[in-house]
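Please guide me through the reading of this model, one feature at a time. I should like the general idea before each case.

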Amino acid sequence: MPQIIPIKDLKNTSEISDMCHKADEPIYITKNGYGDMVIMSMETYENALQKLTMYKAIEISENQIKNGQVKDARESLEELRQKL
């Protein structure tokens, strides 16, 4: 379940840092009862970026398959062997 804290709680930075490192997901910060910011540990951020990069690569691959931009693996390997 996501953690949601008011912006006034950001005064205790070491406690917030501990919360970020203990949570495997972002912490949502509210201001006047509305969403304002999201904070997370560097590890969580880097994991999210890796997932995003992977999802984008999968989307590109799916579009290439959909558009017929594919090659047979055996043919590709044979072409590489001939070049080398």
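**Strands, crossover and core**

Q: How many bridges join β2 to strand β3 (residues 34-39), and do the two run parallel or antiparallel?

A: Strands pair if DSSP finds at least two bridges between them; helices (H or I, at least four residues) and strands (E, at least two) are DSSP runs, numbered from the N terminus. Here 5 bridges connect β2 with β3, and the strands are antiparallel. Ile29 stands opposite Met37 in β3. The hairpin of β2 and β3 has 2 residues between the strands, and Asn32 adopts a positive phi near 55 degrees in it. This is a predicted model in which local features need pLDDT of at least 70 and side-chain atom pairs count only at pLDDT 80 or more, while totals for chains, interfaces and linings use all residues. Residues are numbered from 1 along each chain as its sequence is written, and side-chain values use heavy atoms, with hydrogens and water left out.

Q: Which strand is joined to β2 in parallel?

A: Strand β1 (residues 3-6) is joined to β2 in parallel by 4 bridges, and Ile4 stands opposite Tyr28 in β2.

Q: What is the handedness of the unit made by β1, α1 and β2?

A: A crossover is right-handed if, with the strands pointing away from the viewer, the path from the first strand over the helix to the second runs clockwise. The β-α-β unit of β1, α1 and β2 is right-handed.

Q: Which residues make up the largest nonpolar core?

A: Such a core is a set of buried Ala, Val, Leu, Ile, Met, Phe, Trp, Tyr and Cys residues joined through side-chain atoms within 4.5 Å. Buried means under 20% relative accessible area, exposed over 50%, and partly exposed in between (1.4 Å probe, protein chains only). In this model the largest comprises 5 residues: Ile5, Ile16, Cys20, Ile27 and Ile29. The elements giving two or more residues to this core are α1 (13-22) and β2 (27-31).

Q: Is Thr30 buried or exposed?

A: Thr30, in strand β2, is buried, because its relative accessible area is 19%. Contact means heavy atoms within 4.5 Å; not counting residues up to four places away in sequence, Thr30 touches Ile4, Ile5, Pro6, Ile7, Gly35 and Asp36.

Q: What should the 25 residues of helix α2 (residues 42-66) span?

A: The expected span is 1.5 Å times one less than the number of residues. For α2 this should be 36 Å, and the end C-alpha atoms are 36 Å apart, which agrees. Gly68, with a positive phi near 75 degrees, follows α2.
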